[in-house]
Amino acid sequence: MQLINLEKVQHRIESLKGEELYLHLEMTTGAYASHLDSTKHPAANFITNTKIKYDHGSIAGIGPYRVGLKMAEGWIYTEGLTHWEEEESERLLLAGHDGQGKLVVALQLSREPF
Amino acid sequence: MREENRDVMSENILVVFPHPDDEAFTVSGTLAKHIEAGAHITYACLTLGEMGRNMGIPPFANRVTLPHIRKIELERSCEAIGIQDLRMLGFHDKMIEFEDQVLLDSQLDALLKELRPTIVYTFYPGFSVHPDHDACGESVIRTIGRLPQEEQPIVYCVAFSKNHQEVLGKPHVVNDVKEYLKPKMTSIEAHRSQFQAAELLGSKKLEDEEIRERYGWERFWIYPFHVSE
């Protein structure tokens, strides 16, 4: 993955607007969080291949970045994004990695199921 | 504590773990030793570790490509150890504890019936930290527990939760695998999206005493199926 380029990601968000898309949304502290450090509270969630459609969306911040997608009846929001996959021309793959390179958060959109 | 000295010639061994790389630190030296003695190893890996958090540094994998990358890493690790038979069962990473138990157990039961192993390696249920590890061990124990007693293999369990020694006591088997550090470290290094070899070895070599002590021992607890009988 590459470090996020704000303009290119915004362009990709625009190009997927108004279509029925498959969403993968995820956030995790890792299953070993409290094993390695008992002060940590392990938490995670993910939802994969649920269908969504947004009419308005943008990426914001100076890095790590935030993305908000406005749907007819709700929102999709992610904070802490650092990387994207530039070579994926049909999909939007965004991830946030911590200082050790571990994935903390992911937001992915695709016309086909993941 | 004892060293495992059984005659393992032509023995069938089944290894069941949920994630590619679970084999590397825990059992790879022991397996290489078994293989050298003539054993046939089947490794049933329940998932492709597709929800892993490590993507390499810098990240060469992503959520979408990770399962493909980890599949190749797993194949390379098995090759390094000498494992003859790798089965990737295709369950979803992180979801083993929520999986249909009938489906999960039936796949393990089919493997046990096919291979008739005399030894099984898996995670000790309740003492293995990751929910997938515990659920994997539970399924193995459940399925073997249903076999007639004379058909039950010995189950060597890996345990590493904070309280494991408190409850389980000292390991029943401690294998000296210092002679097998080359396949072991090659197995670990095969999982390059997950571990940075440089981080593990630092500037040290395999011959270094500290490395030999850190990676040169593998510990197992025998699952007590028939304690009260």
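This section describes the sheets, selected helices and strands, and the chain contacts of a predicted model.

Chain B contains an open sheet of seven strands, arranged in the order β3-β2-β1-β4-β5-β7-β6 with mixed pairing. The edges are formed by β3 (85–88) and β6 (173–176) of chain B; each has a single partner strand, so one side of each is left without a neighbour in the sheet. On average, neighbouring strands of this sheet are turned by 25° against each other, direction ignored. Within the sheet, strand β5 (residues 154–158) and strand β7 (residues 217–222) of chain B pair in the antiparallel sense over two bridges. In this pair, B:Tyr156 stands opposite B:Ile222 of β7(B).

Helix α4 (residues 101–115) of chain B lies across two strands, β1 (12–17) and β2 (40–45) of chain B, and runs at about 165° to β1(B). The 15 residues of α4(B) reach 21 Å from the first C-alpha to the last, close to the 21 Å expected at 1.5 Å a residue. Four leucines, B:Leu104, B:Leu108, B:Leu111 and B:Leu112, are the buried residues of α4(B). They cover an arc of only 100° around the axis, which puts them on the same side of α4(B). This arrangement can be read against the geometry of helices in general. An α-helix has 3.6 residues a turn, so residues three or four places apart point the same way. The cover over the buried residues of α4(B) includes β1, β2 and α5 (131–145) of chain B. On the face turned away from the buried side, α4(B) carries the exposed residues B:Val102, B:Leu103, B:Ser106, B:Ala110, B:Lys113 and B:Glu114. After α4(B) comes B:Arg116, which has a positive phi, near 45°.

Helix α3 (residues 66–81) of chain B was examined in the like manner. For its 16 residues a span of 22 Å should result at 1.5 Å a residue, and the end C-alpha atoms of α3(B) are 22 Å apart, which agrees. The buried residues of α3(B) are B:Leu66, B:Ile69, B:Arg70, B:Glu73, B:Leu74, B:Ser77, B:Cys78, B:Ala80 and B:Ile81. These buried residues pack against the helices α1 (22–26), α2 (28–36) and α7 (181–190) of chain B, and against β2 and β3 of chain B. The residue that follows α3(B) is B:Gly82, with a positive phi near 100°.

B:His133 is found in helix α5 of chain B. Since a residue is buried if 20 or more other C-beta atoms lie within 10 Å of its own, B:His133 counts as buried with 28 C-beta neighbours inside 10 Å. Leaving aside residues up to four places away in sequence, B:His133 touches B:Pro18, B:Phe123 and B:Ser128. The C-alpha atom of B:His133 is separated by 9.7 Å from that of B:Val16, although the two residues are 117 residues apart along the chain. B:Arg146 has its place in the loop between α5 and β5 of chain B. With 11 C-beta neighbours inside 10 Å, B:Arg146 counts as exposed, because the limit for an exposed residue is 12 or fewer.

In chain A, an open sheet of three strands has the order β4-β5-β6 with antiparallel pairing. The edge strands are β4 (54–60) and β6 (74–81) of chain A; each has a single partner strand, so one side of each is left without a neighbour in the sheet. Neighbouring strands of this sheet are turned by 10° against each other on average, direction ignored. Six bridges join β4(A) to strand β5 (residues 65–71) of chain A, in the antiparallel sense. Here A:Tyr54 stands opposite A:Met71 of β5(A). Helix α1 (residues 6–15) of chain A packs on the sheet and touches β4 and β5 of chain A, its direction making about 175° with that of β4(A).

Strand β2 (residues 21–28) of chain A runs antiparallel to β3(A), joined by eight bridges. A:Thr28 stands opposite A:Ala44 in β3(A). Strand β3 (residues 44–52) of chain A has nine residues, of which the number buried is zero, so it lies largely in the open.

Between the chains, 11 residues of chain B are in contact with 18 residues of chain A. The side of chain B that touches chain A has six nonpolar, three polar and two charged residues.

Note on methods: Residues are numbered from 1 along each chain as its sequence is written. Chains are lettered from A and ligands numbered from 1 in the order in which they are written. This is a predicted model: local features need pLDDT of at least 70, side-chain atom pairs count only at pLDDT 80 or more; totals for chains, interfaces and linings use all residues. Two residues are in contact if their C-beta atoms, placed from the backbone, lie within 7 Å. Ala, Val, Leu, Ile, Met, Phe, Trp, Tyr, Cys and Pro count as nonpolar, Asp, Glu, Lys and Arg as charged, and the others, Gly among them, as polar. Two strands pair if DSSP finds at least two bridges between them. Axes are lines fitted to C-alpha atoms, for helices over the stretch in contact, and angles run from 0 to 180 degrees between N-to-C directions. The expected span of a helix is 1.5 Å times one less than its number of residues. The arc is that of the directions from the helix axis to the C-beta atoms.
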